[in-house]
Amino acid sequence: MGEVLPRGPQSYFRPVIDSFPWWRNAVVYQVYVRSFADGNADGVGDIAGLISRLPYIASLGVDAIWINPWYVSPLLDGGYDVADYRDIHPMYGSLEEAKRLIDEAGAASIRVLVDLVPNHTSWDHAWFKAALDADPGSLERSRYHFLPGKGKHGQLPPNNWKSVFGGPAWTRVPDGEWYLHMFDVSQPDLNWDNPDVREEFIDILRFWLDLGVSGFRVDVAHALVKEADYPDATEDDTDSVLSTPTGEGHPLWDRPELHDVVREWRAVLDDYQEKMMVAEAWIPKWERLAKYVRPDEYHQAFDFHLLKASWNPEAVRATIEGSVAAATSVGSIPTWVLSNHDVIRHVTRYGLAPHVEERAWLLSGDEDRLDLDLGLRRARAATLLLLGLPGSVYLYQGEELGLHEVHDLPEGVIDDPVWERSGHAEKGRDGCRVPIPWKREGPSFGFGDNGSWLPQPEIWSELSVESQDGVEGSTLELYRAAIRIRAERLRDDESLEWIDVGPGALAFRRGSGVTCLINYGDQLVPRPEGVLLLASGPLQGDSVPANTAMWMADA
Ligand code: NOJ
């Protein structure tokens, strides 16, 4: 990787272009529609609820929303099992309502990104049903990966590939063939060597672009193409959605051929104005992640390194430098993200005792190892770090309220297929998908008029929008202020210069004269010269306490 960002206290990089497209330094708010707002009192979020809350989203000052899959689906993986890519699940509304949402959001200067799920369909998709009805070797089967099994009677799976959700990645159908599913058994993988598949997705892209969306978040963008002769995998760490292996030459992940598909999509987007696509690619190696954001591929890729970095200034700085260097080496810009619908909410992650293995902790839920006050202090500080950086920031609904992971959901309500497929060894991702509390009181704290599909903790009354709206110092008002200041002062600035503030803390100055300091240690750190713009918590005179961040402007 080219050293775009020299290491050392004066690290600095300059804008690569003069005027920036909207997405380069955007703040994008992720809407998990099922859990955002329920407009028809059935306990499930929907488009009507989302439309009714557009003024709230506008009040945050974000540039765009990304909506998790809202398509027709049996919802066996929260909608990432799509049965019809061109229609809305009736539980969420209709295509007309989707159009209304796109238009009304646009009128409020909020762009809409939708989720594209190209690696697999649902087993309810017309193509897969046709494949099951057709014979081995048929055109219908060739759109997926159907193979004969191994062993004398074909009774063994074609190879040793494992599903990310646990268990083998192959399931046998009655005539004896096996089909590939890298995720749930209900999510058969598409065959990207098949021209029908390629054409279909180009058409799907155009369908949503013509409806007015500004782009796409692309699901498991590092999957798609599989090695042609299906060799056994030598690496065996496909157990978690968070740790997909991406070593060079893996038969399943991060195949070089997938970049041809991405270039085809990019050409489609380039036919329109101001459209973008962001890749969900869990790629540990920056030089490989950078390949996804070459000028004729994705505009951006989620960079999950910061999400995984520990609460430590050296680790965080190395992560920022690595992310910046990787993205800018190909003319792109990093993305920053701490939470989404797949990971434990970061208030909880930051509140866990050191060395606790997070997913294992979720099963035990040992509260002696969790300090939520500390987690919230750190989360608020990390927000100022994130929003102080050049590049795009992706926020997950509810983080602006300081919501934590609901780790103690009763087993009976668990919906994530990970729970069953892992043989109850993984609790899954429902704890970060609990519906938003809008009001202090009432059924489901204002999420809807009739309860919520996952139970909310009582304490969320205090964290509701109503409890925080207009309240100085609340997490909600901290987010609003930070996003506003960022828009006013940082949007057209892609520079960053590190400032040495001694051990335990990190500080950088942006070319536009804003300095961000974050204290990871337990000692007070003197605050830099200048005018205080914002702090994540109370300062002590001229000092920044532990687990606190602040922004200063040049005097
Ligand atoms: C990544 C999505 O974010 C996750 O929720 C889903 O389960 C997998 N991809 C499979 O589509």
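In which sense do strand E2 and E14 pair, and over how many bridges? Strand E2, residues 27–31, pairs with E14 in the parallel sense, over four bridges. Two strands count as paired if DSSP finds at least two bridges between them. Strands (E, at least two residues) are DSSP runs, numbered from the N terminus.

The structure is a predicted model, in which local features need pLDDT of at least 70 and side-chain atom pairs count only at pLDDT 80 or more, while totals for chains, interfaces and linings use all residues. Residues are numbered from 1 along each chain as its sequence is written, and side-chain values use heavy atoms, with hydrogens and water left out.

Next comes the covering of E14. This strand spans residues 392–396, and five of its five residues are buried, where buried means under 20% relative accessible area (1.4 Å probe, protein chains only). In a regular strand the side chains alternate between the two faces of the sheet. On one side of E14 lie Ser392, Tyr394 and Tyr396, on the other Val393 and Leu395, and both faces are covered.

Elsewhere, three strands form an open sheet in the order E7-E9-E8, with antiparallel pairing. Its edge strands, E7 (146–147) and E8 (170–172), each pair on one side only. E7 and strand E9 (residues 178–180) are joined by two bridges in the antiparallel sense. Leucine 147 stands opposite tryptophan 178 in E9.

How values were computed: Buried < 20%, exposed > 50% of the residue type's maximum accessible area, 1.4 Å probe, protein only.
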